[in-house]
Amino acid sequence: MKTNNKGKNKAIEVLQEIGFDEVTELSNSELISGFGIIYISEPLDNADGKIIRGKKRTIIKVNSSIPYPGRIRYVAAHELGHYFLHDKLEIHTDNSKTLNWFKIEKQAKRGLQEFEANDFASELLMPEKLFRQFVLNKSFTPSLIKEISTRFQTSLTSVIYRLISLDIAPILVVFMTDGVVRYWRKSTDLRGWVKDITKLSPPDDSVAKEYIDANYEFIYKGEEKAQEISRSTWFQLHENQEDSDFLEYCIPTKQYKTIISVIWEA
């Protein structure tokens, strides 16, 4: 679900104004304070990020307890998006619900602001032109997600969303919370008819189901993160169509009981 390009266009405008092709070399503090905003990294209760807009100065706070630097980076960029896009927001708090690309239904109920702030953060941290250049002629693997995350210093989930929203890699992305599929999206290059999975439990023979049964613990490491499955696990086979080998890679989050599954042809 995509409603407008306001966030993306604003990020492009900001990059042009400051004369940067990308902001990868800037620290979070340098990135935020460069716009005259006070940047504070400290533990926050029930929030990943927060923006407080005063009469003279604006403060952006990011939860220093977040264990992943890429995630912190993305939160900071998201709050910066609110600063540039939503000047009527005086105090705004973001958490896993507003920052998560894949909780589409809940985000839609909150209006367009979270979409726009996420779009802004995505374009600011991973400019489309540079992103496409970096992945050109590279095959999709879980290692590529990590490689992109390191290159642009952002979270794994934001990289996955970037890949699917720009329709670059032939993948199916499925997002689940509390053991139920909430959202899925397939790139145009990945042929196949996805089974009726929305608001249902993932297939019993999926890797996602293994993670749910393991209470969202990391059960595969290294090269084993990409597990072999069958096309028929997630796709409906046509009449007389033979099954084929696919791969599934999952990112579980025990704290929020979420799983992002990425599925692609072997």
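Which residues have the most contacts inside the largest nonpolar core? The views below take up this core and then a sheet of this predicted model.

**View 1. The largest nonpolar core.** Leu 124, Ile 148 and Ile 171 have the most contacts inside this core, which has 50 residues. A nonpolar core here is a set of buried Ala, Val, Leu, Ile, Met, Phe, Trp, Tyr and Cys residues joined through side-chain atoms within 4.5 Å, where buried means under 20% relative accessible area (1.4 Å probe, protein chains only). Helix α3 (residues 69-85) gives the most to the core, with 7 residues; helices are DSSP runs of H or I, at least four residues, and strands are runs of E, at least two, numbered from the N terminus.

**View 2. Around Leu 124.** Setting aside neighbours within four places in sequence, Leu 124 is in contact (heavy atoms within 4.5 Å) with Ala 11, Leu 15, Val 23, Leu 31, Ala 77 and Leu 80.

**View 3. An open sheet.** Here 5 strands run in the order β6-β5-β11-β10-β8 with antiparallel pairing; strands pair if DSSP finds at least two bridges between them. β6 (180-186) and β8 (227-230) stand at the edges with a single partner strand each, so one side of each has no neighbour in the sheet.

**View 4. Strands β5 and β6.** β5 (residues 172-177) pairs with β6 in the antiparallel sense over 6 bridges. Look for Met 176, which stands opposite Val 181 in β6.

**Notes.** Residues are numbered from 1 along each chain as its sequence is written, and side-chain values use heavy atoms, with hydrogens and water left out. In this predicted model, local features need pLDDT of at least 70 and side-chain atom pairs count only at pLDDT 80 or more, while totals for chains, interfaces and linings use all residues.
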